[in-house]
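Open the model in your viewer and keep the selection panel at hand. The tour goes stop by stop.

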Amino acid sequence: MSAGVDETDEVRVDGAVEPDGTVRSRRRWGTVALVLTPLVLFALLLATGLGRDPRELPSELIGQPAPRFSLPRLDAGGTIDLGDLYGQVVVVNFWASWCVPCREEHDALAAAWGRYRDRGVVVLGVSFEDTREAALEFRDELKGDWPLADDPGSRAAIAYGVFGVPETFVIAPDGTIAAKTTGAVTYEWLTDEIERALRAGNAE
């Protein structure tokens, strides 16, 4: 036998002698695992989160005290202070004139406002990254008459974790956030959540 490398091309790994082909195979499988692991995790994320309707995703604010705000009225003088509305059910709707789903949801908000305004429920529209002129033109065009507020610097939107519009929150009489939905709100969702908040308030 020559003094060169044996024909089996063995290498020593951790004190043991193994064929070089075995080492290459293990390295190859390790590389495959490194590539597949992120793909599998991403697929699981899609299946459990991103693939679901965002309306169904829970909000960290649910059950927590609603962030306080005092905002200038958009449709009149003065301000709207959320603290002044405690004891009532408050529907806070973040919207904008340039938002197509905001136009789609308008009738649902108008119907809920008309049904519940005499039962201690306040619908409050908060303008999101819009001009006062455009927001008022939108209101005048669609004939909404619930109170509207401006949100300079988007401070309220940031406090509520708003990423886009429309987003709608239902605040219970005790000042906690009872429900949240993203996208164009429906009349069914509004009535269900308002009734639930009213029952909770009456039970206290």
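Select Pro166 first. Pro166 sits in the loop between helix H4 (155-159) and E8. Helices (H or I, at least four residues) and strands (E, at least two) are DSSP runs, numbered from the N terminus. Show the bond from Val165 to Pro166: this peptide bond is cis, with omega about 0°.

This is a predicted model, where local features need pLDDT of at least 70, side-chain atom pairs count only at pLDDT 80 or more, and totals for chains, interfaces and linings use all residues. Residues are numbered from 1 along each chain as its sequence is written, and side-chain values use heavy atoms, with hydrogens and water left out.

Next, select Ser154. Ser154 belongs to the loop between strand E7 (148-149) and H4. Its phi is near 55°, a positive value in a residue other than glycine. Is Ser154 buried or exposed? Ser154 counts as buried, at 13% relative accessibility. Buried means under 20% relative accessible area, exposed over 50%, and partly exposed in between (1.4 Å probe, protein chains only).

Now go to Glu129, in the loop between E6 and helix H3 (132-142). Here too phi is positive in a non-glycine residue, near 50°. Glu129 counts as exposed because its relative accessibility is 54%.

Most residues other than glycine have a negative phi, and most peptide bonds are trans.

Last stop: helix H5 (residues 187-203). Colour its buried residues: Trp189, Leu190, Thr191, Glu193, Ile194, Ala197, Leu198 and Gly201. Then show what covers them, including strand E5 (89-95), helix H2 (100-116) and strand E9 (177-182). Contact means heavy atoms within 4.5 Å.
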